[in-house]
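Here is a short briefing on one protein model. Please keep the sequence and the 3D view open while you read.

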Amino acid sequence: MVVEENQNQMMDSIAGDSAITANVSEDELEEETTTNTWKNTKELLILHLSKKLLHGDLDFRIEAAKEIRKLLRKSPVKSSARSKLADAGVIPPLVPMLISSNVDARHASLLALLNLAVRNERNKIEIVKAGAVPPLIQILKLHNASLRELATAAILTLSAAPANKATIITSGVPPLLVQMLSSGTVQGKVDAVTALHNLSACKEYSASILDAKAVSPLIHLLKECKKHSKFAEKATGLVEMILSHSEDGRNAITSCEDGILTLVETVEDGSPLSIEHAVGALLSLCCSDRDKYRKLILKEGAIPGLLSSTVDGTSKSRDRARVLLDLLRETPREKEMAPLILEKIVYGIAVQVDGAEKAAETAKKLLQDMVHRSMELSMKSIQHKADISSKSNS
């Protein structure tokens, strides 16, 4: 009886395990079936959208463009939907819709193409090859703020592909992006700066991308943003590029309200890359005409920030700051003390005070104290001048 009972328990256990296995298999099978069904449904939808765009009337094409955007917005980041839609031929019929007299058609096609281009290098290139840049230029010239903002976002996305940069530049897009810096929406301005920054990586045309007209809006945007932000890094990079290539650009910054001051503030408060660009911009000014720009830079209290850059900046920042400090001296001669010599003297003092092991750290603190003291003196000098000016006016 005991043996029989044990056998029955074993049989029940085996039967239970078999039931669980069967259930798991059924669940897996159901999941696989669901996945395949969804996959087939998506492929049928893509073919359906392609046919509507290729053979439908304008209303059908607008509807298809909206459905493409909706489909891609819901797709996972690594989804193949973008590539499959492109393979189905949706890009060529979307491009002519950009120049339609129907505003809805323009809006829907812009959003569809923008979503097709995001995170897909091949689609970016295919969209430009399909002739999208000239229609986008037309949209950038419109007075419709919403469409201009979307067109700017599209240019930003397309300009991220190295193969597209030359085509976008030679088509005449940069001047229109510069106009967006002054007249666009907030998002439009941010996208315009990023797009111009993308295009500036094309070395063959970098000198011709921007002109003096960009200086004032870039300085204004730099004044308003956080100096340590990624946006500030791009803006200061563009300003540096203009000042290093254009005399008109250098003249323009002196005409901007707080133009040089904004660069000085970026040297003091910016991220390492922003500081590097801002110091480079100031150096370009001083190298082009020391007599003209030296007093203007000194007037804005640049010395403390530059001294700090010789200690804490990037390699480029340190080198540029040292050269600029030499140019800002009354009579720059070889025998005159350079920032490098100053650092060596401070380091020697630190060795005597704390020994060689702690000398670097002590020297850094001493230089920082010097910078702090210099800033205090600069503020007192500015306040003193302000008090004198106030008394003379009264």
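Accessible areas here come from the Shrake-Rupley method with a 1.4 Å probe. On that basis, the protein exposes about 21,600 Å². Carbon and sulfur atoms supply 55% of that area. The model is predicted.

**Overall make-up**
- The secondary structure comes to 22 helices and 0 strands.
- The chain has 394 residues, and 43% of them count as buried.
- Take the contacts between residues at least 6 apart in sequence: 66% of these join residues at least 24 apart.

**Helix pairs: how to read them**
- Two packed helices are described by the angle between their axes and the distance between the axes.
- Angles from 65 to 115 degrees count as roughly perpendicular, under 35 as roughly parallel and over 145 as roughly antiparallel; the rest are oblique.

**α8 with α9**
- Helix α8 covers residues 145–159, and helix α9 covers residues 162–170.
- Their axes come within 8 Å and cross at roughly 135°.
- That angle makes α8 oblique to α9.
- On the α8 side, the contact uses I155, L158 and S159. On the α9 side, it uses N164, K165 and I168.
- By class, the contact of α8 with α9 has 3 nonpolar, 2 polar and 1 charged residues.

**α11 with α14**
- Helix α11 spans residues 186–199, and helix α14 spans residues 230–245.
- The two axes come within 9 Å, with a crossing angle of roughly 55°.
- So α11 is oblique to α14.
- The crossing of α11 past α14 is left-handed.
- From α11, the residues in contact are K189, V190, V193, T194, L196 and H197. They meet F231, K234, A235 and L238 in α14.
- Sorted by class, the contact of α11 with α14 holds 6 nonpolar, 2 polar and 2 charged residues.

**α19 with α20**
- Helix α19 runs over residues 303–312, and helix α20 over residues 315–328.
- Their axes come within 7 Å and cross at roughly 140°.
- The pair α19 and α20 is therefore oblique.
- The crossing of α19 and α20 is left-handed.
- I303, L306, L307, S309, T310 and V311 make the contact from α19. S317, R318, A321, R322, L324, L325 and L328 make it from α20.
- The residues of the contact of α19 with α20 divide into 8 nonpolar, 3 polar and 2 charged.

**S206**
- S206 lies in helix α12, which covers residues 206–209.
- S206 counts as buried because its relative accessibility is 13%, and buried means under 20%.
- Leaving out residues up to four places away in sequence, S206 touches S200 and M241.

**I260**
- I260 sits in helix α16, residues 259–269.
- Its relative accessibility is 6%, so I260 counts as buried.
- What does I260 touch, not counting residues up to four places away in sequence? The contacts are I253, T254, L282, L285, L296, I297 and E300.
- I260 and I297 are 37 residues apart in sequence. In space they are 6.6 Å apart, C-alpha to C-alpha.

Key. Residues are numbered from 1 along each chain as its sequence is written. This is a predicted model: local features need pLDDT of at least 70, side-chain atom pairs count only at pLDDT 80 or more; totals for chains, interfaces and linings use all residues. Side-chain values use heavy atoms; hydrogens and water are left out. Axes are lines fitted to C-alpha atoms, for helices over the stretch in contact, and angles run from 0 to 180 degrees between N-to-C directions. Helices (H or I, at least four residues) and strands (E, at least two) are DSSP runs, numbered from the N terminus. A crossing is left-handed if the near helix is turned anticlockwise from the far one by less than a right angle, and right-handed if clockwise. Contact means heavy atoms within 4.5 Å. Ala, Val, Leu, Ile, Met, Phe, Trp, Tyr, Cys and Pro count as nonpolar, Asp, Glu, Lys and Arg as charged, and the others, Gly among them, as polar. Buried means under 20% relative accessible area, exposed over 50%, partly exposed in between (1.4 Å probe, protein chains only).
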